[in-house]
Amino acid sequence: MLGKGIVLGLAETARNFFGSFFYRARLTTVQFPEERLPQIEAARNFPFLVFDGADWQQGMRCVACQICEKECPPKCILIEKSKDKKPDATGKPQFYPAVFNIDVSVCMSCQICVEVCPFDAIKMDVDFELSTYDRFGGLLWDKQRLSKSNEHYHQIHPTEAAAVDAALAAEREKLAAKARAANAPPANAAPSTSAPATAEGQA
Amino acid sequence: MSPERSANMDVEMVRAALAAAVPGCQVEIIANSRPAAQHSLLVDAEHAVAIAEFLRDDAALRLDYCSNVTGIDWPMKDGGGYLEAVYHLYSMEKKHGPLVLRLRTLDRVAAVHLPSLAPVWRSAELQEREIFDLFGIQFDGHPDLRRLLMWEGFAGHPMRRDYVEPDDYEYEPTAHETVLQKAQQHQREAER
Amino acid sequence: MSGEFFLAAGLTVAGALAAMILRNLIHCVLALVAGFAGLAVIYLQLGAQFVGLAQIFVYAGAVAILAAFVILLTQGVEHRTRPAAVLDWVVGALLACGVFAMLAWAIAKSVQFLPQATQRPDAGVRAIGNAMLHQFVLPLEVVGLLLTAALIGAVLTAMRDEEAGA
Amino acid sequence: MTSMTTAELERQQAEMGFDDGASHLLEVSMGPQHPSTHGVFRMDVVLDGERIVKLKPVFGYLHRNHEKIAESETYLGSMPYTDRLDYLCSLTNNWGYALAVERLAGITVPERAEYLRVIVAELTRLQNHACLIGFLLQDMGASGTPLMYAFRERETILDLFESLTGARMMCNYLRFGGCRVDATPEWLRQAQQAVEAFPKFLDEYEQLLTGNEILVARTQGVGLLPKDMAVQAGITGPTLRASGINYDVRKVDGYGIYDRFAFRVPLGEHGDVFDRYMIRLLEMRESIAILRQALREIPAGPVQDARTKLRGFRPKPGEAYARIESPKGELGFYLVSDGSANPYRYRVRPPSLINLTVLEEMCLGRNVADVVVTLGSIDIVMGEVDR
Amino acid sequence: MSIFMLHLHAWIHALASSALGHALWMVVPVLVVFPALFAVTTLLERKGLGRIQNRYGPNRAGPWGLLQPMADAIKALTKEDVVPEAADRLVHFCAPVLMVLSAFLVYAVVPVSRTWVVAPLRAGVLFFFAAGSLMEIAVFMAGWSSRSQYSLLGAMRALAQMISYEIPLVLSAMVAVMAAGSLSMVEIVRRQAGYSGIWPHWFVLTPWGLAGFVLFLIAATAESNRSPFDLPEGESEIIAGYYIEYSGFKFALFFLAEYLGMFAISALGITLFLGGWSAPFAFLTWIPSWIWFFAKLLALIAGFIWIRGTLPRLRMDQLMRFAWEFLLPLTLCHLFVAGVWKFFPTGAARWLGCAGVLLAVYWLLGRRLEQSGGLARRTYHFAE
């Protein structure tokens with residue numbers, strides 16, 4: 001009979017209408033600023049540079065190898081290698097980025113920089129409230145803006161960060177063992193290896 | 001390699017069939033050494049339509065479905081070279097394929113004409129228009145040969161390998177290095 | 001004869017004039033609507049509520065809209081019209097005069113038969129219904145037949161058009 | 001009428017929006033900002049009343065020359081760009097590209113990765129079809145209710161994508177030789193839950209829509225696509241199968257591991273919008289069947305072929321064409337390598353574009369409202385049409 | 001109490017007893033209450049649709065989004081008023097004015113409560129339709145004067161639809177007029193205001209009344225361009241129809257007129273079939289009559305919203321076919337049944353007979369409509 005389908009449809013919408021008052025699960029809306037969804041651990045948004053310890057300049061893991069700059073599909077990373085070297089977290093003298101810019105208005109959050117980085121220096125952040133009135137400068141992030149501590153990394157991606165720290169620690173242990181085997185351990189190398197360990201402890 | 005249910009066509013057999021069915025046609029096998037082993041048939045432009053009709057209508061082949069049509073630009077160092085149109089054919093009826101057909105133009109400048117296969121396979125219509133638009137191959141016999149993606153009056157064919165992007169955009173300060181350089185240059189010019 | 005009457009009459013006449021004079025056919029139709037509305041107001045002033053409202057409902061509402069429809073639909077078809085000739089004007093004027101004379105004669109004559117010109121006639125629904133279904137039932141039927149025939153004719157014409165077009 | 005000269009009349013007609021030559025025809029530009037052209041798509045339409053006399057699609061408003069960009073990217077660098085082709089189905093796009101590179105270089109994919117690919121691809125199909133039906137009904141004027149229900153369900157699937165790949169829409173998850181990361185048992189359990197909950201939503205959809213007289217009247221006999229025309233024009237995907245052609249690349253090529261799963265291919269008879277709508281509904285039920293099997297049988301193991309070097313990937317010269325059954329139709333990738341780190345030629349066969357080839361034929365003689373519905377039933381995404 | 005207040009009191013009394021005072025007393029509430037109802041309805045509609053779609057609906061402007069209509073109004077009033085260059089400026093300007101004018105005019109004859117009716121005309125129902133038909137002219141003016149193809153298409157659609165549905169609308173209203181024996185809306189309500197026991201004499205409680213009410217509602221939905229008959233606006237097809245080229249205040253006027261039209265036609269339906277301001281049960285008559293009127297009005301509005309949240313839109317030719325091949329024969333038959341009802345003796349036989357005839361005709365016409373469209377249930381087969 002004509003109208004049966006329409007009546008069935010009306011019943012369905014009525015069910016949803018009343019259901020939305022009684023079953024919270026029916027209302028999918030998350031009222032954003034007040035309510036937030038639980039953070040999904042694998043989520044990614046824009047890259048940041050990881051540093052160990054307390055000082056972002058001292059502990060920056062990036063050694064300006066420029067692999068991510070080359071591999072970045074939309075070419076939003078700009079790196080200028082430093083002229084001099086300075087000791088990294090392990091105390092080994094390394095180059096560091098004199099300039100490290102990411103234009104997040106160009107970045108497409110693909111995570112390829114993270115995948116290709118051999119030093120675990122660049123990771124994906126989850127912060128998405130980044131609107132700014134200045135669409136030029138405000139979205140062109142320099143290395144200070146990009147630097148986030150390892151603790152932050154542990155906070156947003158705990159499983160991944162723990163794995164990274166474990167791998168780094170193992171590698172350093174191997175290096176240290178090699179160094180010990182080669183010659184007597186120098187006295188000044190010891191304190192710097194402890195930096196990631198403390199970071200891990202805090203996380 | 002993932003298991004393949006539909007086997008590639010036996011190009012030798014197809015060539016033999018073509019030689020018998022379309023007298024005077026020149027068909028050359030272009031071998032493909034890659035694991036997928038999708039060898040292709042280079043056919044002459046003159047007999048292309050007859051060949052295409054045979055491939056579509058032959059009871060054993062029935063390549064009734066032209067999946068993909070695309071162009072390739074092969075410039076030479078000396079300024080010569082040619083443009084190529086590639087057709088990937090399948091059969092919806094027999095469920096086999098692909099058979100790869102290639103057509104080449106004589107050069108890249110003036111003799112860029114190829115016969116259109118859109119009357120044989122309608123699915124080539126928009127794709128040939130795209131090739132005309134982006135590569136500049138003139139398809140004779142195409143029902144509606146206009147630019148597809150670029151606008152009317154656009155100069156040049158962007159997918160050619162020697163295409164130079166016109167430097168007429170508004171640049172913004174960005175970390176994108178080449179863009180940044182251009183932007184700075186533009187800014188300097190503007191200040192001057 | 002009150003100011004209200006002159007207002008309504010003025011509206012009617014102005015609307016009718018504008019409907020003739022304006023060049024844009026759609027403007028003509030809109031002017032015609034104003035004319036119809038003025039006429040309706042006169043009916044209402046005469047106490048003929050039903051007739052007045054029917055005037056708006058049928059003429060201003062439906063007829064004018066149909067006219068507009070027809071203009072929009074047919075303008076494209078017959079766009080080769082010959083320029084206005086003097087003869088047309090003369091014939092038109094003669095026709096208008098004839099119609100006017102006939103109406104004037106009818107009105108002048110009818111006044112004699114009315115018992116009292118000042119008495120308000122009953123133009124209620126019941127009276128109209130009675131008149132239509134008793135006194136004037138034959139004319140009503142004839143008009144109904146005519147309209148039905150016209151309707152069928154219109155449908156046939158439209159159908160033939162469609163066939164020719166298809 | 002008699003008081004008007006011909007020239008005046010013509011001027012007036014022009015004023016009133018009528019064309020001079022065939023003056024009862026109306027030229028309308030539908031798009032590019034028309035609300036139901038699914039993006040920046042334009043159709044030059046000539047109307048007789050509301051009947052379509054001519055319809056020419058105009059493309060290119062979203063053109064960014066994806067193929068040219070890919071020629072200057074590494075093989076890995078093109079992967080995130082494929083996300084942006086059909087931005088509703090990034091994972092199937094990934095798969096098509098990965099498959100082409102694997103064919104080009106002869107890479108094998110670990111078992112577990114193949115299963116993960118099937119799972120994410122079928123989840124993609126579910127959410128794409130659900131949304132498409134919502135969009136279709138939106139085009140029919142249903143004030144968004146079916147669309148909102150579809151989005152409600154899509155949300156759970158996007159949450160799954162986010163917790164697996166890190167992103168909701170631009171997943172960039174597949175790699176040639178496998179997948180980027182492995183799925184946790186917890187994720188597989190959640191996926192199982194989502195899949196089990198989905199048929200309930202389909203029932204809801206069917207009750208709301210399928211029997212609805214207005215929907216039936218609006219879709220049956222509209223946008224007819226006969227069998228032979230569909231084949232001739234290279235129409236693919238659900239649109240082709242609604243015309244009654246049994247051609248599903250998952251069955252024909254059996255790419256990936258699709259030949260291990262038992263699923264059926266629903267076929268239409270009439271090739272109208274209603275068939276396309278129903279085929280999508282039925283396909284979703286089949287996808288659920290595939291997902292159940294895949295989630296049950298997924299083995300343990302690595303998810304990435306260890307021998308494949310993603311960075312500095314240089315296949316030997318040659319070419320390969322690979323195609324998959326994306327939710328929109330047959331998505332093909334054609335790669336030509338000259339041995340360098342960038343593809344010499346990179347070509348996408350976009351199902352959305354080619355499915356539009358016969359749009360004019362499907363709409364001629366119909367109503368404006370039918371154009372909108374027909375276009376909606378073809379299922380296009382401008383990101384893929386214009387590339 | 002101050003002297004001033006006393007004066008004011010006396011002044012109000014004097015005013016209320018004068019003719020002008022009477023007009024103000026009656027007219028001003030109409031001009032205030034119904035636009036206010038419009039504001040409330042826009043909010044309710046959005047909230048209702050939201051809930052149907054598992055959303056909250058507007059809830060940001062003010063507590064529970066109550067200030068949303070205010071925000072909308074401010075937005076509409078502060079927007080730039082754009083008139084297309086090619087537009088016929090005068091007509092373009094007059095269209096929304098005429099639209100709102102005719103929308104307000106119809107309220108003159110609506111009996112909102114026992115005592116509140118602005119103009120108790122003898123031919124009230126006719127006045128309602130006459131004033132409503134001015135809306136068609138306004139629509140035509142808006143669509144034509146904008147000189148946009150979309151708005152012209154929209155206007156043509158709207159006119160064809162309004163003219164087609166006016167016939168079933170008037171015919172279905174006629175049964176109530178026949179039953180009451182009067183064109184006066186006040187009289188029609190009065191006839192329904194009695195009670196047998198606790199049950200009211202509403203026309204809707206008879207088979208022909210119920211059928212008339214349903215038919216009237218269908219035609220009214222079409223007349224007020226509501227979903228699923230919202231083709232003139234059909235935003236997915238012709239974007240916004242005849243008012244596509246209007247913005248700001250003029251657009252708001254169209255919006256207002258549209259909703260006022262919907263309320264008015266609902267009010268007519270209430271008057272004709274649902275007993276106007278009368279209470280549903282004899283023991284509830286102590287509640288003020290206008291409360292019943294507005295309660296019924298809100299219920300009908302809720303129905304409109306519900307339907308809008310569920311149904312897709314018809315196509316133009318289907319809309320026409322529905323009007324001429326289904327609705328018109330059904331209303332004619334229904335008119336006949338209502339006439340028969342009057343001459344048959346009261347009793348169950350009359351009740352069942354009339355209901356049976358109506359249902360049979362409905363079923364037959366419905367079947368014919370489905371068959372002539374070639375619509376059928378389909379089965380699908382699968383390939384392995």
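The largest cavity holds about 240 Å³ of space, where a cavity is a set of points, on a 1 Å grid over the protein atoms alone, at which a 1.4 Å probe fits but cannot get out. Grid points are joined across faces, edges and corners, and the volume is the space filled by probe spheres set on the points. The structure is a predicted model, in which local features need pLDDT of at least 70 and side-chain atom pairs count only at pLDDT 80 or more, while totals for chains, interfaces and linings use all residues. Residues are numbered from 1 along each chain as its sequence is written, chains are lettered from A and ligands numbered from 1 in the order in which they are written, and side-chain values use heavy atoms, with hydrogens and water left out.

Across the whole structure, the search finds ten cavities of 30 Å³ or more. The lining of the largest one comprises 21 residues, each with an atom within 4 Å of a point. Nearest its centre lie Gly132(E), Met135(E), Glu223(E), Gly261(E) and Ile265(E). In chain E, α4 (89-105), α5 (124-145), α6 (149-180) and α9 (248-273) are the elements that give two or more residues to this lining; helices (H or I, at least four residues) and strands (E, at least two) are DSSP runs, numbered from the N terminus.

Turning to the chains, seven pairs are in contact, and chains B and D share the most contacts, a contact meaning heavy atoms within 4.5 Å. Chain C does not touch chain B, the nearest C-alpha atoms of the two being 26 Å apart. Nor does any contact join chain C to chain A, where the closest C-alpha atoms lie 29 Å apart.

Chain B itself has four helices and seven strands, following the pattern α-β-β-α-β-β-β-β-α-β-α along the sequence. Of its 192 residues, 52% are buried, that is, under 20% relative accessible area with a 1.4 Å probe and protein chains only.

One residue of chain B to look at is Phe154(B), in the loop between β7 (138-140) and α4 (177-191). Phe154(B) counts as buried because its relative accessibility is 14%. Beyond neighbours within four places in sequence, Phe154(B) is in contact with Arg147(B) and Tyr163(B).

Key:
Buried < 20%, exposed > 50% of the residue type's maximum accessible area, 1.4 Å probe, protein only. 1 Å grid on protein atoms, 1.4 Å probe; cavity = no way out; pocket = protein on both sides within 12 Å on 5 of 7 lines; lining within 4 Å.
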